[in-house]
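Welcome, and thanks for opening the viewer. Could you walk me through this structure, telling me what to select next and what is there?

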Amino acid sequence: MTDPGWLVQGDPEQVLAALDAAVGPEEVAAAAVYRASGHVHRDAGTQVRRQLLALDAARYGNPGLARSLAEVPLPQEAAGGWTVEWATGTGLDARLRYALPAPAEVTAVATVVAEGRGFAVAGCKDGTLHWWDPVTGRKLGQAATGHTGAVRDLVTAVTDGGPVAVTCGSDGTVLAWDLAEGRPVGEYRAGDGVRIISLATAPVEGRPVLVAGCTDRLLRVWDLAVPGPTTELLTISTGHVHALATAVVDGRPVAVTGHPEGAVRRWDLITGRELRAGGNDEDSHPTAADSSSDTDGDGGGGDGGMRRCGTMEVEAMTHVLATDPAFECPLVISANSYATYIWDLATGDQVGGPGGGFAQAATLTVLRGRPTAIVGFGLGGPVAVWDLSTRERSHRPLTGHQGTVRGAATAVVQGRHLAVTGGDDRSVRIWDLGQEESDSRPAGAAGPVQRVTTGVVDGRSVIITGGSDTEVRILDIHDGGQLGEPLTGHTAAVSMLTVGTVEGRPALLTRDRHVRAQVRDLATREELHGLTTSEYTSPSIRFFAAPEGRFVAVTSEGRVWDLAAHAWMGVQPQQRGALALETLEGRNLLLTGDRTETVQLWDLATGERFGPPLTGHTAEVSAGAAGTLDGRTVVAAGSIDGTVHVWHAATGQQLGTYAFPSPIGGLAVAPDGQLVVCFGSDIAVLTHR
C-alpha cells in the first residue's frame, strides 16, 4: 500500500480488498486516500485513477504522497498535462469506506444483514432501487424498477426466503423486492382511494411483518413472508400518522407513531392497544377498523384523542421517528422542526433533548455497548453521532456529503459498525463508525456564502461575500476579520456580486434572488444613485462583470449592457449560454456554452468567433473561464461529469484534462496560469507541466 505504482495500476478490486489490512500511519493514510474516490477507481483508466489519487492525497494534506502518485509513469502517455498543487479536504473523513454513485437523487436508504451478508439499499427520486455490499462497495444485481414516481420510503427485513425490501412510491404503489434475486415478489394495497405514506417492519410472534401508515388514519400490519394485500393481520385506528417506527419493549413488538400536532404514541402490535404513559394500556383505543371514524375531529378515538392520551408530547409536527433496527436499544428519537428528543420506550418518559437544528433523518444503534443516535441534519448539514448514555457526541460531525442528508441507517457486518447515509449529492456513503476521528474540522462562516469576490478599498485588499442570509460582508483578506457591519437591504439570498468602477470610484454591485439590486461606494459604503434600477434587475441577466473598469450586465443570450453608458456593447454571439467575460490580448472576449458539450470564445466588438469551437466534453458544461498561460489565451471548461478540459483558444489544441470526484461548480484561471477548480465542497489548484 505504500507503493504508488500498485495503487495507480493495480486491479481496483484487489486494492480495495487489501485496504482493511493497512497497518502503520503510511498504509492507513494510503488506504484513506484510495477510498476517497474508490467508487470511481473501479471503472476508471490508469490516467484518471492517477489524477484522482494525487488529488485526494493533496486533499488529505499529504503532498509527498500526492507527488509520488502524480509521478507514476504510464505507457503511451502524452507530454504535458496538469498536476495538483494543493486542495482542500472539507468533503473528506477517514471513516468513509465507499461513496456509491446512484443515477438520481437518493430519497431513502436502509440496511439489512442476512446469513452474515450485508446489503445497503437505496431508493431514488427516479423510482429505481439499488443495493450494494457495504463491506466491499460492490454493486449487487441490476437496478430494480417498478415505481413511476419517486421512492418515498424504504424498509428491509429478513424472511424465510432471504432479505427483502419494501418500497413506497409517490405514485401510491407499495412493492416488495427479493434482494438476493433482484426481483419483485408482491404488492401491498390499502384499499380504493387510500394511500400508504410510511413504512416500518417488526418481528411479531416469530414472523416479520410490515407496518404501514395510511391516509385513512389507520395503521395496517401485513405478513411479510407472503407479500400481498390479502395477508393483513391487524388494523389499528391511530389518527393521521406523519412518522412511523417500530421497536421491541419488554419482549413485545410495538409501533411508534408521530402525529401532526407533535404527539408520539406507542401501540402494541399483537393486541393493537395503545401503551399509555407509565406502561398502563387498560384504557387504550380499540383495534377494529369500524372504530376509526373521527366524529369529534380530535385525531381518532374520541374524548380528546391524542391530546387526551398525550404520550410523549412535543407540541410541533413530528417528522422524524427512529428506533434501533436490531431492537437492542430501548429508546426512540423524535424530531420536529425545532428540536430533537430522546424517549424511553418502556415508560414513555423523555430522557434526553432537546437538541437543536432541523433533523432530516435519524437512526439508533448500539455501538461498543452504548446506545448511539446517528442524526442527519438538513440544508447541507452534518451527520452527528451521539452517545446517548452520556448525552455527548461520540464523534465529530461526519462530513463528506455535498448536499442535504436525506436518510440514515445502520448495520453490523462481520463485527464492523457501519452507518449508511444518502442525500441530495446523488451518492450513498458508507461510514466506518469504529474508525478513530480526525482532530481537524473546517472553520465556520458567519453565514452561508453563495457568492464571493475581491476588491481594493483605500489600498487594502478585501473579500466581499454574499449569502442566503441576505447580508453582504467585507472581510480583510489577510486575517479574515470582518470590516465594519454587514451591508443590509436585500430581501433574499444574494445571487450576484461584482466589484467595478462607477464615476471613478470603486463600487460594489449586488443583486438578490428577488432581483433587488444595490450599487454602493466601497469606500464610504453609501448607496449610489443616478442609474435606473431597471438596468440591474432584468431577469435575463446571467452575471455582472467589470471589463476595463466599468460595470456591465451579461444576459443568458450573451448580450452585454453597459450600465454607465446605458447602451448595448458589441455584437451578440451565435451561441447562447454565457459563462464568462474577460479582457485578453486587448479584446473583450465572451465565453459561451453553458449546458452544452462545446464551448466557444467570441470577440465582443465584432461578434466573430475567436478560434475554433472547443470540443472534448461528453457531458453538459457547468462552468468555464478564460485567461492566459505562457502568454497565450486559454479556455477551461468543467462539466457535470467532474472533468475539466483546457484548450489554447486560438488553435483549439487541448492542453490536457483532469478528473474530479464531483461535478464542477466553478473555474478560474489565475494570472500565472494556474487553474482554480471548485468541485463539490472543495477547491483544488492545478499547474500545467
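Select Gly258 and then look across to strand S16, where the bridge partner of Gly258 is Val264. Keep in mind as you go that this is a predicted model.

Now widen the selection to residues 252–258, strand S15, and residues 264–268, strand S16: the two run antiparallel and are joined by five bridges. Strands of a sheet pair through backbone hydrogen bonds, either parallel or antiparallel.

Next, bring in the rest of the sheet. It is open, has four strands in the order S14-S15-S16-S17, and its pairing is antiparallel. At the edges you will find strand S14 (243–249) and strand S17 (274–275), each of which pairs on one side only.

**Inside strand S14**

Stay with strand S14 and pick out Thr246. Is Thr246 buried or exposed? Thr246 counts as buried because its relative accessibility is 4%, and the cut-off for buried is under 20%.

Show the side chain of Thr246: one of its polar atoms lies 2.5 Å from the backbone oxygen of Thr201. Beyond its neighbours within four places in sequence, Thr246 is in contact with residues including Ala200, Val211, Val254, Leu269 and Phe327.

**On to the cavity**

For the last stop, select Val472, Leu487, Leu508, Thr510, Gln518 and Arg520, which line the largest cavity. Strand S33 (505–512) and strand S34 (517–521) each give two or more residues to this lining. By type, the lining residues are three nonpolar, two polar and one charged. The volume of the largest cavity is about 30 Å³, and the structure holds one cavity of 30 Å³ or more.

Note on methods: Residues numbered from 1 in each chain as written. Predicted model: local features only at pLDDT ≥ 70, side-chain atom pairs only at ≥ 80, totals over all residues. Heavy atoms only, no water. Pairing = 2+ DSSP bridges. 1 Å grid on protein atoms, 1.4 Å probe; cavity = no way out; pocket = protein on both sides within 12 Å on 5 of 7 lines; lining within 4 Å. Points joined across faces, edges and corners; volume = space filled by probe spheres on them. Nonpolar A, V, L, I, M, F, W, Y, C, P; charged D, E, K, R; others polar. Buried < 20%, exposed > 50% of the residue type's maximum accessible area, 1.4 Å probe, protein only. Polar contact = N/O pair within 3.5 Å; in protein donor to acceptor, adjacent residues only side chain to side chain. Contact = heavy atoms within 4.5 Å.
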